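Reader: I am new to protein structures. Could you walk me through one, question by question?

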Amino acid sequence: MRFQRLELNNFRKFDSPLVIDAFDPAFNLICGDNEEGKSTLLLAIQAALFERYDRGAGERLRPYNAAVSPEIKLDFSLAGCDYQLHKIFSKRNDKTALLSSSRGERWEGPQAEEHLQQLLGFSLPARGESKAELQGVSGLLWVSQTKAFEPINQTPETRSRLQATLDQEIDQLLGGETGQQLYLSISQQLEQYLGRSGKPIGEFKKLIDQESALDQKLATINGQLAEYDWMIDQLQRLQERQADYQSQQTLEKTEQQLIQARTATEQIETMRKRLEASSTALDLAQARLRIPESQWLARQNGQQEIADRSEEISRLEQQLQQLEQQYTPDSERFTALESELTGLSLRQDELRKQIEKQHSAISTWRLQQHYQVLSGNRKHAQTALSRCDEIRQHLNAHTIDQSQIDRLRQLQSQISRIEQAIELAGTLIQYRINPGSVIQINQQPIDGSGELSVTRETEIGLPEIGTLTIRPRGTDLESLSTELAQHQTEQQTLLAALGVTSWEQAQTAWQSQQNLQLELKGQQATLATLIPEGSERLDAEIQRLERQLAGTEIPAQEPSDKKVVDLNRELEEITALHRTRTQEMQRLNQADELRKSDILAHKARVTAGRENLTVLENRLASERQDASDQALGNALSEARAAVEHHRLEQEQAATRLNAAKPEDIELQRDRAEINYNSLLQELDQLSGNIAALRNQLAGMGHSGLAEQKDELAAKLEQQRAILAQESRQAEALKLLHSVLEESLKSAKSLMAEPVIRKMQPYLDILIPGSRPLIDDDMGLQGIARAGVDEQFQHLSIGTREQIAIIIRLAYADLLHESGQPVCLFLDDALVYSDDQRRTLMKQILFKASRNYQINFLTCHEAAYRDAGAQIIRLSDCRTST
Amino acid sequence: MKQPIRIIHSADWQIGKQFGNIPGDAAAAVRLQRLTTVERIAQQAKELAVDAVLVAGDVFEHNGVADETLRRTVNAMSAYTGLWVLLPGNHDAALAESVWSRLQRLGLVSDNIHLAIRTEPIILCDQRLAILPAPLMRRHETRDLTAAFDQMITPPGAIRIGLAHGSVKNRLPERSEAYNEIADDRADRARLDYLALGDWHGTLEIAPRTWYAGTPEPDRFRNNQPGNLLLVSFAETAEPTQVEVITCGHFQWTQLAVTLYQDEDIDALAHRLSAIDLPERQLIRLQLSGSIDLAVKQRLDRVLEQWKARFHHLEGRDSELKINASQADIEQLGAQGFVREAIEKLQHLAAQENSPDSDAAQLALQILYHQQQSLAEKS
């Protein structure tokens with residue numbers, strides 16, 4: 001499909017007619033500035049082809065606020081035939097839809113639109129305006145402004161169109177109609193068994209649940225039946241045990257054993273009573289023995305205590321005698337220490353006085369030294385103050401300020417410069433006068449040789465020859481001379497004011513003034529050091545020192561500190577020795593006191609011991625009068641004999657009891673009791689259990705557990721058989737579906753191949769080394785480069801708009817090859833591309849335009865001028881009404 | 001001089017058996033039939049006017065059958081008012097609590113019914129007939145209980161009939177269980193005129209004067225001649241004991257081995273099935289083997305579906321039957337593109353017998369084939 005001519009009237013912003021007379025059959029660059037109507041042009045072509053002429057489109061498409069009907073005339077060629085389309089969008093009588101072909105065919109009104117629909121394969125909107133999804137291939141291939149970088153949304157219509165280009169190939173891949181039906185049917189069958197998550201559903205799930213429920217029921221019944229069987233076995237065991245007891249007369253035998261054990265225990269009990277009686281008699285005899293024993297012991301203790309006391313008194317007396325012999329006070333040492341301590345105290349006092357006197361001499365010496373320093377300072381300060389006054393007076397009399405000397409320096413510099421300038425501007429005359437001859441220069445006689453700079457009109461009198469007048473014509477000598485004179489006058493005035501006659505004198509005077517100022521600062525610094533707090537303060541300090549020194553004896557020479565140190569050291573030694581002797585004196589006194597007190601204490605103890613002994617001897621004598629030692633000994637012997645007699649009796653009774661092994665006898669009795677009672681209990685329990693089991697079994701047997709179990713087992717077996725069959729069916733369907741799905745996916749992946757085949761050459765130009773990623777529905781997913789898959793949405797916006805155009809070119813190639821009407825409109829589709837990519841895209845578009853028409857709308861004419869396209873400028877296409 | 005005596009020897013009624021391997025109503029009918037067969041035995045005994053009917057164990061399937069089952073069994077026996085001697089077997093051993101104690105407790109044991117629950121002779125018919133029972137007092141007995149027969153004293157001239165339940169040592173055609181054994185010369189050792197046995201479900205003379213009556217109503221797919229009663233006659237003279245086999249069973253359980261390879265084999269199978277008499281009394285198991293393609297399998301399924309309706313029960317066991325998609329099947333499917341690729345994958349999977357997906361793949365091919373056929377028929 002190739003557009004040939006377009007004419008618009010009353011269309012949106014084109015309120016004046018717009019005519020594009022001749023589209024290039026291959027590649028058109030439609031240029032226009034922003035807001036000039038490029039997008040409106042695309043809209044107009046879409047309206048012409050896809051909008052209904054007799055609905056509301058007219059109102060939407062006409063210029064704003066204008067009661068006119070939009071009109072479009074569009075010429076195009078398709079499949080070797082030329083067509084002319086004329087539409088006026090209106091609900092009024094002027095509405096028009098007219099399609100005619102170069103074959104002489106003609107369609108009007110709705111028929112024209114229907115035929116157009118057949119030719120281009122699109123759908124007319126049921127209501128409202130046409131949308132991209134209704135516009136067939138054009139909806140896919142025509143790119144509106146700012147949409148180029150968006151993902152490409154294929155509609156079912158366009159997908160079908162694209163797939164139709166590969167109809168036969170795809171049909172084979174997808175197994176034809178039967179293949180699709182089979183896949184659908186298997187999918188539906190599988191859905192009856194398994195849900196999307198692969199879990200059983202519906203009847204299949206019910207079967208599984210039923211099987212599980214039956215299994216559970218059977219387990220319950222089996223449990224009951226096992227219990228029933230166990231109870232039967234238990235009953236059998238209990239009955240057999242009961243029969244054993246009866247046949248072996250176990251109860252009778254156990255009862256006999258118990259009777260024998262009880263008799264033996266009674267005999268043991270008699271022996272135990274006898275032992276208890278003999279033990280009681282022994283306890284009584286032992287109690288009786290305790291009185292003579294205690295009396296005898298008291299007598300023995302009294303005698304022993306008297307002996308112990310006597311021995312202790314003897315020992316104390318010996319110790320006292322030794323202490324008294326050892327005591328002799330050290331009087332000589334006392335006297336010597338007292339004398340030595342007195343001498344030491346006197347020497348201490350003498351040393352302290354000498355130290356004090358030496359300290360006083362040092363202090364007086366230091367005051368005298370300080371006084372002399374301050375007096376010197378006062379003298380120096382008075383000298384400095386006088387000098388300062390002199391300098392200040394001099395400076396006050398001859399003051400040159402900085403500006404005056406600066407101005408003089410400036411004037412001197414300017415005078416020198418002007419003088420040099422005059423010198424340079426003058427005429428140099430070198431002369432050599434013959435000996436004896438004289439010439440006149442400005443009436444001054446000159447002879448010999450020399451040179452002369454002439455800076456003003458000069459007359460040279462040449463005797464006998466005449467006068468030579470020289471007028472230098474250098475640079476404005478006159479004005480220089482005037483300026484010089486002015487400066488010199490000012491200089492002289494200033495010098496006079498300063499009281500000097502020359503610049504050099506002025507400099508000397510200035511320097512002298514500077515030196516005096518420096519000296520003044522130096523004197524002031526000296527004063528600040530000497531009398532920082534002023535001369536009055538210094539005078540007051542000197543007077544204070546004079547008062548202190550008045551009447552004091554000033555040493556002839558500086559007193560020595562070393563003498564003080566030596567005196568102090570001697571004092572410390574004497575003091576330490578005094579302390580030592582004092583401590584020794586105290587120790588001697590304490591030792592003497594201790595010995596005296598020890599002797600007194602021993603004497604007191606001896607006296608007390610003798611008194612106590614007398615008391616004890618008196619008490620023993622009194623007790624012997626009541627009961628002699630002999631009488632106490634006899635009573636004790638009799639009581640001990642009685643205890644021995646009862647101990648023998650008790651030992652005999654205990655021996656007899658032990659020989660009978662009472663614990664064994666009692667254990668046997670206990671065991672026999674337990675055996676008998678347990679047996680009675682067990683027999684009772686046995687009878688009870690047998691009766692209970694019989695009752696229980698009778699009750700359970702009634703219900704026919706075994707039959708119920710067999711019935712349930714049969715049902716479960718059948719259920720399992722059905723479930724196994726259904727599971728097998730489900731597994732088979734799952735496998736079948738999975739294999740079909742996998743094969744279908746694999747087949748669909750082959751559908752992408754034609755698109756890849758068409759897209760790859762373009763991509764090789766744009767991004768060498770990359771390859772397109774196309775999905776089963778021939779949609780663009782992204783590109784792969786350097787072994788990495790990059791999804792479309794993750795690419796840069798520039799790359800997105802570029803490969804989005806390229807995939808459209810691939811679609812267009814496929815459609816074109818299959819004879820479909822193909823034409824591309826790209827409205828500002830490369831706005832994010834850099835120069836390099838734009839250049840490559842121009843190459844790609846040009847290549848594609850060899851097969852079908854491409855119309856590229858842009859506001860950057862210069863950037864696309866070399867695209868190989870015919871340039872159509874909208875501004876050239878506007879005509880007046 | 002012995003008096004003439006005639007008895008009916010039966011065994012292994014196993015009343016209460018459920019037949020879990022038979023689905024639905026067919027099993028219920030088989031279950032009910034066993035009681036009907038007991039009625040027929042009673043009727044037969046009455047008609048033959050025998051002196052006694054001996055049932056050699058396993059009268060009931062389990063000691064835990066319902067009271068109702070006990071009642072029905074006794075009712076089924078009621079047509080014959082002569083002597084019944086019922087022996088406990090391994091299924092209904094005379095345990096501390098058993099069908100026998102329950103029959104007594106329920107008052108179902110009339111005077112003409114003797115429960116042989118103790119190992120002691122039962123003297124009947126005016127001391128002309130001595131039944132020497134060896135009841136199982138537990139399910140599995142390691143001793144030969146019939147050894148007690150050797151020492152049992154019976155009235156002079158009385159017919160000595162041993163009544164036992166178990167496996168005759170070294171005689172059964174198939175290896176039997178190692179417990180409840182019976183010496184094969186017990187009849188001689190115990191001077192028995194006849195040893196009436198139960199446990200083996202087929203009718204079989206296992207040793208001299210020693211017979212298994214077999215179950216009167218067949219209950220499994222085993223061709224060992226079940227479904228009979230034995231009429232045993234003891235003459236007045238010293239003539240040998242006469243044993244007559246009387247057919248009694250209703251249903252016939254038949255297992256057929258069928259090998260299939262091609263379409264003609266299906267025809268042959270159909271022919272074999274059509275040749276079976278009384279199909280409504282037949283329970284048929286087809287043990288299928290061989291290797292067939294999808295088309296033949298589909299036909300087999302159709303044929304079996306047709307025959308299922310004619311027999312009381314028909315089942316096909318096809319674990320040994322290989323289903324392969326032949327080239328013709330593939331052509332028949334007319335598959336192309338991804339369907340053809342899927343078929344090839346499934347064929348490959350099905351051919352790998354060790355693969356866990358082999359069976360599923362085989363069935364998947366059948367489903368695919370069937371589905372394609374359905375689509376073709378619809379179109």
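Here are some questions and answers about the model shown above.

Author: Happy to! Keep in mind that this is a predicted model.

Reader: Let's start with chain A. How many helices and strands are there in it?

Author: Chain A has 881 residues, of which 21% count as buried. Among its contacts between residues at least 6 apart in sequence, 73% join residues at least 24 apart. As for its elements, the count is 22 helices and 20 strands.

Reader: Which helix of chain A gives the most to the side that touches chain B?

Author: On this side, 46 residues of chain A are in contact with 40 residues of chain B. Several helices of chain A each supply at least two residues, including α8 (202–247), α17 (662–702) and α18 (705–766). By class, the chain A side has 22 nonpolar, 17 polar and seven charged residues. The helix that gives the most, with 22 residues, is α18(A).

Reader: What is A:Ala810 in contact with, leaving aside its neighbours within four places in sequence?

Author: A:Ala810 is one of the residues with the most contacts inside the largest nonpolar core. Once its neighbours within four places in sequence are set aside, its contacts are A:Val755, A:Lys758, A:Met759 and A:Tyr762.

Reader: Is A:Thr146 buried, exposed or partly exposed?

Author: A:Thr146 sits in the loop between β8 (142–143) and α5 (156–165) of chain A. A residue needs 20 or more other C-beta atoms within 10 Å to be buried, and 12 or fewer to be exposed. A:Thr146 has 13, so this residue is partly exposed.

Reader: Now for helix α6 of chain B. Where do its buried residues fall, seen down the axis?

Author: Helix α6 (residues 294–308) of chain B has 15 residues, and its buried ones are B:Leu294, B:Val296, B:Lys297 and B:Leu300. Down the axis of α6(B), these buried residues fall within an arc of 150°, so they line one face of the helix.

Reader: And which exposed residues are on the face of α6(B) turned away from its buried side?

Author: The buried residues of α6(B) pack against several elements of chain B, among them β16 (282–293) and α9 (358–378). The face turned away from that buried side carries the exposed residues B:Arg302, B:Glu305 and B:Gln306.

Technical notes. Residues numbered from 1 in each chain as written. Chains lettered and ligands numbered in written order. Predicted model: local features only at pLDDT ≥ 70, side-chain atom pairs only at ≥ 80, totals over all residues. Helix = DSSP H or I, 4+ residues; strand = E, 2+ residues; numbered from the N terminus. Expected span 1.5 Å × (residues − 1). Arc of directions from axis to C-beta. Contact = placed C-beta atoms within 7 Å. Nonpolar A, V, L, I, M, F, W, Y, C, P; charged D, E, K, R; others polar. Core = buried A, V, L, I, M, F, W, Y, C linked by C-beta atoms within 7 Å.
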